[in-house]
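Subject: Structure handover

Hello,

Here is the structure for your files. My notes follow below it.

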Amino acid sequence: MSKISKLFKGSSSSSSKSKHHRSKGGPSPQEAIHKLRETEEMLTKKQEYLEKRIEQEIAIAKKHGTKNKRAALQALKRKKRLEQQLTQIDGTLSTIEFQREALENSHTNTEVLKNMGYAAKAMKQVHENMDIDKIDDLMQDITEQQDVAQEISEAISRPFGETFDEDELLAELAELEQEDLEENLKTMGGLPSVPSSRLPSARPSQRATTKKRVEDDDDMRMLASWAT
């Protein structure tokens, strides 16, 4: 192998090693985002400068107008070139902004996934100390103890002694009241007898007096109605 081939071989191998080293130790997402922001700020300042230059060239073209047509046309040409640069910067800013937002979203997703992985590991570690069978036995014991507590509460609240039918007691009370009433009537000699003969009717003179009193009352009511 010639010295030239060895030289190119060595240079290519060293170049590949340096590229591999750079790719292995590339910038972090935060560094890349910071660089993109710096580039945006630089291009924004360049935009402001170009806009001022465009205004100046417009003012020069207006100043010369038809008096110095050559100078006015040169100013308009410079304005056109500046506008082209401004348009290119607008497109570059849009691309950089899109790239920065994509990188920020990727970095956010990476952090979210990392934290979710930590949480999953922690949850797994917690569950390793738990036995499903023991949990089922514990819940069954709790249910049984709740049933026992309910039975105890019902036993404590149950009334002591014999229980009686309330309807039977009310019927017996009614019988006693009826017997008491009958005893009282017997003591008083029973109910008074109804008279067999007719009661004397009112005398004719009393009937005539009552009829006259009614007629007088009718006359007085009639006079009162006329007076009103």
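Start with a salt bridge: the side chains of lysine 79 and glutamate 83 meet at 2.9 Å, N to O. A salt bridge here is a side-chain nitrogen of Lys or Arg within 4 Å of a carboxyl oxygen of Asp or Glu. Lysine 79 and glutamate 83 are 4 residues apart in helix 3, so about one helical turn separates them. Helices are DSSP runs (H or I, at least four residues), numbered from the N terminus. Lysine 79 is buried at 11% relative accessibility; glutamate 83 is partly exposed at 28%. Buried means under 20% relative accessible area, exposed over 50%, partly exposed in between (1.4 Å probe, protein chains only).

Some ground rules. This is a predicted model: local features need pLDDT of at least 70, side-chain atom pairs count only at pLDDT 80 or more, and totals for chains, interfaces and linings use all residues. Residues are numbered from 1 along each chain as its sequence is written, and side-chain values use heavy atoms, with hydrogens and water left out.

Other salt bridges

The count comes to 7 salt bridges. One of them joins arginine 37 and glutamate 104 (2.6 Å, N to O). That pair links distant parts of the chain: arginine 37 sits in helix 2 and glutamate 104 in helix 3, 67 residues apart. Arginine 37 is partly exposed at 40%, and glutamate 104 is partly exposed at 21%. Salt bridges also link Arg37, Glu40, Arg100 and Glu104 in a network.

Core

The largest nonpolar core has 9 residues: Leu36, Leu43, Leu50, Ile54, Leu82, Leu86, Ile89, Leu93 and Ile96. Such a core is a set of buried Ala, Val, Leu, Ile, Met, Phe, Trp, Tyr and Cys residues joined through side-chain atoms within 4.5 Å. Helix 2 (29–64) and helix 3 (69–128) each give two or more residues to this core. Helix 3 supplies the largest share, 5 residues. Beyond its neighbours within four places in sequence, leucine 50 is in contact (heavy atoms within 4.5 Å) with Leu82, Gln85, Leu86 and Ile89.

Helix 2

The buried residues of helix 2 pack against helix 3. Among them are Ile33, Glu40, Gln47 and Ala61. Just after helix 2, glycine 65 takes a positive phi of about 50 degrees.

Histidine 107

Histidine 107 is in helix 3. Its relative accessibility is 18%, so histidine 107 counts as buried. Leaving aside neighbours within four places in sequence, histidine 107 contacts Pro29 and Gln30.

Best regards
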